[in-house]
Amino acid sequence: MSPLENVQRPSLTIVGGGPGGYEAALVAAKLGATVTVVERAGLGGAAVLTDVVPSKTLIATADSRRRVMKAPALGVQLDTEAIQTDIQAIDRRLLQLASDQSRDIRTALERRGVKIIIGEAKLTSDKTVSVTTPEGTETVTSDAILLATGASPRELPTAMPDGQRIFNWKQVYNLTELPEHMIVVGSGVTGAEFASAYNLLGAKVSLVSSRDQVLPNEDPDAARVLEDVFTRNGVNVVSRTRANAVTRTENGVQVELSTGEILEGSHCLLAVGGVPNTQNIGLEEVGVQLTESGHIATDSVSRTSVPGIYAAGDCTGVFALASVAAMQGRVAVAHLMGDAVQPIKQHLVASNIFTSPEIATVGLTDAQTRSDQYQVDEIKMDLTTNPRAKMADVSEGFVKIFARKGSGTVVGGVIVAPRASELIYALALAVTHKLHVDDLANTFTVYPSLSGSMAEAARRLHVRG
């Protein structure tokens, strides 16, 4: 007999159909709840329609071109000068993939019996949501509400996107030609990813960074590797300066820098962060507490300040990651349904930056390991010694492992490599389950493989007992 068999099945209204919303809806429906999802655009939300799915598809295409361009180094002769990039075909494909994924999500929800309403939602009480649709207004009443409203691109008043020459990360898939010179403003994760992608697709790229180096909040060794790759590939990294304004010219754009310099290009992509979609949806009226940044304040099980109202995803400001949004949504449902709940532990989140090479991290950061709070041993192994990397002509990247001094427990790691997003799972398991470095070292790896460097790094952290 299921332990939930005698538990009352509540009704749940989910505002937002992105990863935080649709994942929660699937779990809640499986557990027997009556679920309604309100989404204003399409199922999958921005993550599927305008952000994660299209951007990572673009990046995958760019990486395919990179591998083709490197083929002569492996003895495969072809005319790399004749390789053309059809940006319109690329954008058509990625938008079609996004649409297909959205359709698949809708189908999965409908099969679970989830009611879907396309419209604009506004909370009118702690149990009611008013939805404005083309047909009129509908009121949805439920026992609980999950807010998964996401975020939108941050806009600068002196650099307003027009969708033709000046883009935010939602609009950039409307290009009719490969940019002659793409200026990317912002050197965080989004800016670095797009700079890497358009550079590999064959465009000239300038990256405007307000800090000393790209990815200022990431592992410094990883950031240095990426910046070195950018330099070798011809990306113009303009450091220690900000973009004061972006204006259109007759045939392109001008970016006015804080140094007084004018940077000219054909197109400009603004990657200056996001703002939570928390305004004008009735949060203040029903008492949902917001942080100073406008995000919804939540606890470790996704509860807001109002009993029965939960929140998940980018609107909470926890981590702007689809995987975290989905986990927050699942945790909220588990708490609501009386199922086993494992509160989110932020130090266990594995994340990845989809540049070339990719940068994946989990657990303690480099900055934390250098603080007085932690005592760790560290090993960093360059992939130049890895036989599989040599075979694939991989000339940059590394594996780094942090282990607690004395106990040998794995507490963090960084991987810079092709497909680092796949490799990090092993270190994420080790950190989550508090494995010893010897557990990694004594686990068989395939020879040759990039994962072999993880085992070798762990062996070097072994302390003779």
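Predicted model: local features only at pLDDT ≥ 70, side-chain atom pairs only at ≥ 80, totals over all residues.
Residues are numbered from 1 along each chain as its sequence is written, and side-chain values use heavy atoms, with hydrogens and water left out.

**The whole chain**

Display the cartoon. The protein has 13 helices and 23 strands; these are DSSP runs numbered from the N terminus, with helices (H or I) of at least four residues and strands (E) of at least two. The radius of gyration is 24 Å, close to the 23 Å given by the globule rule for 465 residues, so the protein is as compact as a globular protein of that length. That radius is taken over C-alpha atoms, and the rule is 2.2 Å times the number of residues to the power 0.38. Of the 465 residues, 49% count as buried (under 20% relative accessible area, with exposed over 50% and partly exposed in between, using a 1.4 Å probe and protein chains only).

**Helix α5**

Select residues 189-200, which form helix α5. Which aromatic residues are stacked here? A search of the whole structure finds one aromatic pair. The rings of Phe194 and Tyr198 have centres 6.3 Å apart and planes at 20°, so they are stacked. The definition requires ring centres of Phe, Tyr or Trp (its six-membered ring) within 6.5 Å; planes under 30 degrees apart are stacked, over 60 edge-to-face, and the rest tilted. Phe194 and Tyr198 are four residues apart in the helix and thus separated by about one helical turn. Phe194 is buried at 4% relative accessible area, and Tyr198 is buried at 0%.

Next, select Asn199, also in helix α5. Asn199 is buried, at 12% relative accessibility. Beyond residues up to four places away in sequence, Asn199 touches Val205, Asn233 and Val235, where contact means heavy atoms within 4.5 Å.

**The nonpolar cores**

In soluble globular proteins, nonpolar side chains tend to be buried together. A nonpolar core is a set of buried Ala, Val, Leu, Ile, Met, Phe, Trp, Tyr and Cys residues joined through side-chain atoms within 4.5 Å. Of the 39 residues in the largest core, Leu58, Val172, Phe194, Tyr198, Leu215 and Phe230 touch the most other members. Among the elements that each supply at least two residues of this core are α3 (52-69), α5 and β23 (410-417). A second, separate core of 28 residues includes Ala430, Leu440, Leu450 and Ala458.

**Three further stops**

Select Ala312, in the loop between β18 (309-311) and α8 (322-337). Is Ala312 buried or exposed? At 1% relative accessibility, Ala312 counts as buried. Its contacts, apart from residues up to four places away in sequence, include Gly20, Leu146 and Gln328.

Move to Glu264 in strand β15 (residues 262-265). Glu264 counts as exposed, at 52% relative accessibility. The C-alpha atoms of Glu264 and Ile183 are separated by 8.1 Å, although the two residues are 81 residues apart along the chain.

Finally, select Lys380, which lies over the face of Phe398, at 4.9 Å from the ring centre. A charge sits over a ring if NZ of Lys or CZ of Arg is within 6 Å of the ring centre and within 35 degrees of the ring normal.
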